Amino acid sequence: MQEFPKVYLKPGRDHSLKRFHLWVFSGAIKGLAGKPEEGDIVEVVDSSGNYLATGHIQNGSISVRIISFEQTDAGKDFWKTKFEKAFEMRKSLGFFNNPDTNVFRLVHGEGDGFPGLIVDFYNGVVVIQAHSVGMWRHRKLFAEVIKEILGETCVAVYDKSEATLHTAMEEEGEKFLVGKSENVLVKEYGNSFEIDFQTGQKTGFFIDQRESRKLLGNYCKGKKVANIFSYTGGFSVYAAASGATVVDSLDSSEKAIELAKKNMELNFGAKSAHHYFAQDAFEFFKKEGNNYDVIVLDPPAFAKHKQALNNALKAYRRINEAAIRNLNANGILFAFSCSQVVSKDDFRKTIFEAAANTGRSVKILHQLTQPADHPINIYHPEGEYLKGLVLFVE
Ligand code: SAH
């Protein structure tokens, strides 16, 4: 077995690893043996030197992200088995070979035992995004393994780590690790979307809102709908497909609005009952009386770390309060938060405050979360990041 540098934990700090948590925080570390650099594979041992786990070392408050609780050389076979397990799960859930939905997440970080790695599937184009230097270093091996497992199903593998890892990426490398592809057309529950995976946000599409978009379709027939923070227009397309009379899409980014328009036209041609606003959401709601029957609020993560939590909660409260004020009687609000540091309770309390400030009668119809291709490792509850409430506003 290959020798890796060792990370010694302080006495009594091994509990979380014994319960299969996937992060080692810097405060738990007594010292290092060997001179690992960011991204190297290390073995984490207790204060007496007993093996606990193998992971990638990194700078910052999370010092090691665990990839295995058994000693391993972390070679090709190790990674291939891990990928196969992640792909098998999706296969058994019916994600592969489904002509109605050919966009889904293949690897969801900690949820699939790959801390720091996201892999998305866009109708044959596989986009990988590393959030840790350790994962990024393996990108070529990962691309090779993904191609081996998927075979013909995989036309290209693209590395989209620049956005997440720009400081660490000194090597300029080829972004297409396998094949090549332009923007790709995908289907989600039969709706068409063009995915700009090279320059779009995240890996190109917010795949995690698939089930919420589908649910929205149940409530839009004959309704006037606003999709606020619309990005590629995902919710707008579902609203229009289910018979909304008006669909307004709003995003502060001009480029996002262009994408939303393109996707609406792809599905419905150039219809006039859809409007686009490249505008700040808070400004938009300053004037009341927009009178929507259904509003979707799917903002970006207002809090990316704990220090920002209070301000983020205020922003969620403000925007939700404004939306509730702009709903017609018996209106419906789809309210979301994708901030990991905002707990389900925090979010619900914030929406409760927003509702109370308006004085309207509000009922919770649905409580939403991320879909099955974004699994939560039961030992790593931090992986539960997406929260949604569907509210009925009298
Ligand atoms: N609902 C989308 C994803 C939203 S991502 C989907 O299903 O695909 C969040 C979006 O909010 C981004 O496109 C970003 O450009 C936009 N945004 C960020 N701040 C904003 C603001 N203050 N006002 C309006 N849009 C904003």
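In this predicted model, F229 has a relative accessible area of 16% and is therefore classed as buried, since the class takes in residues under 20%. The residue sits in the loop that runs between β14 (224-228) and α7 (234-241), and its backbone has a positive phi of about 70°, although F229 is not a glycine. Y231 is likewise placed in the loop between β14 and α7, and it too has a positive phi, here of about 45°, without being a glycine. With a relative accessibility of 7%, Y231 also falls under the 20% limit and so counts as buried.

The cysteines were considered next. A disulfide is a covalent bond that joins the sulfur atoms of two cysteines. When the whole structure was searched for such pairs, zero disulfides were found.

Attention was then turned to empty space in the model, which can be located by rolling a probe the size of a water molecule over the atoms. The second largest pocket holds about 290 Å³ of space, and its lining is made up of F78, T81, K82, K85, A86, M89, G111, D112 and G113. When these lining residues are sorted by class, the second largest pocket is found to have three nonpolar, three polar and three charged residues.

Definitions and conventions
Residues numbered from 1 in each chain as written. Predicted model: local features only at pLDDT ≥ 70, side-chain atom pairs only at ≥ 80, totals over all residues. Heavy atoms only, no water. 1 Å grid on protein atoms, 1.4 Å probe; cavity = no way out; pocket = protein on both sides within 12 Å on 5 of 7 lines; lining within 4 Å. Points joined across faces, edges and corners; volume = space filled by probe spheres on them. Nonpolar A, V, L, I, M, F, W, Y, C, P; charged D, E, K, R; others polar. Disulfide = S-S within 2.5 Å. Helix = DSSP H or I, 4+ residues; strand = E, 2+ residues; numbered from the N terminus. Buried < 20%, exposed > 50% of the residue type's maximum accessible area, 1.4 Å probe, protein only.
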